[in-house]
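Open the model in your viewer and keep the selection tool at hand.

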Amino acid sequence: MFHVGGGAIAVWETPQSTLGAGLFATPGVVGLAVGGGLGLAEYEGTALTNRP
């Protein structure tokens with residue numbers, strides 16, 4: 001429900017503009033791009049996954 005409600009509020013508060021939807025979606029898009037890039041680079045994170 002968070003994403004539906006947040007997206008609706010973002011669009012509702014910026015009528016006649018895509019600014020609200022863009023600002024709402026940007027963090028998720030950046031996260032997907034960074035995660036995808038790290039996956040393609042076969043990055044192995046050591047912070048949580050490779051504990052002794």
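A polar contact here is a pair of N or O atoms within 3.5 Å; within protein, one must be able to donate a hydrogen and the other to accept it, and residues adjacent in sequence count only if both atoms are side-chain atoms. This is a predicted model, in which local features need pLDDT of at least 70 and side-chain atom pairs count only at pLDDT 80 or more, while totals for chains, interfaces and linings use all residues. Residues are numbered from 1 along each chain as its sequence is written, and side-chain values use heavy atoms, with hydrogens and water left out.

Select Thr14, in the loop between α1 and α2. A polar atom of its side chain lies 3.3 Å from the backbone nitrogen of Gly20. The side chain of Thr14 also reaches the backbone oxygen of Ala10, at 2.8 Å. Is Thr14 buried or exposed? Thr14 is buried, at a relative accessible area of 19% (buried means under 20%, exposed over 50%, partly exposed in between, with a 1.4 Å probe and protein chains only).

Next, select residues 2-13, helix α1, and residues 19-40, helix α2. Helices are DSSP runs of H or I with at least four residues, numbered from the N terminus. The two pack at an angle of about 145°, with axes 7 Å apart; axes are lines fitted to C-alpha atoms over the stretch in contact, and angles run from 0 to 180 degrees between N-to-C directions.

Now show side chains where the helices meet: His3, Gly6, Gly7, Ala10 and Val11 in α1 face Gly20, Ala21 and Phe24 in α2, contact being heavy atoms within 4.5 Å.

Finally, zoom out: of the 52 residues of the protein, 10% count as buried.
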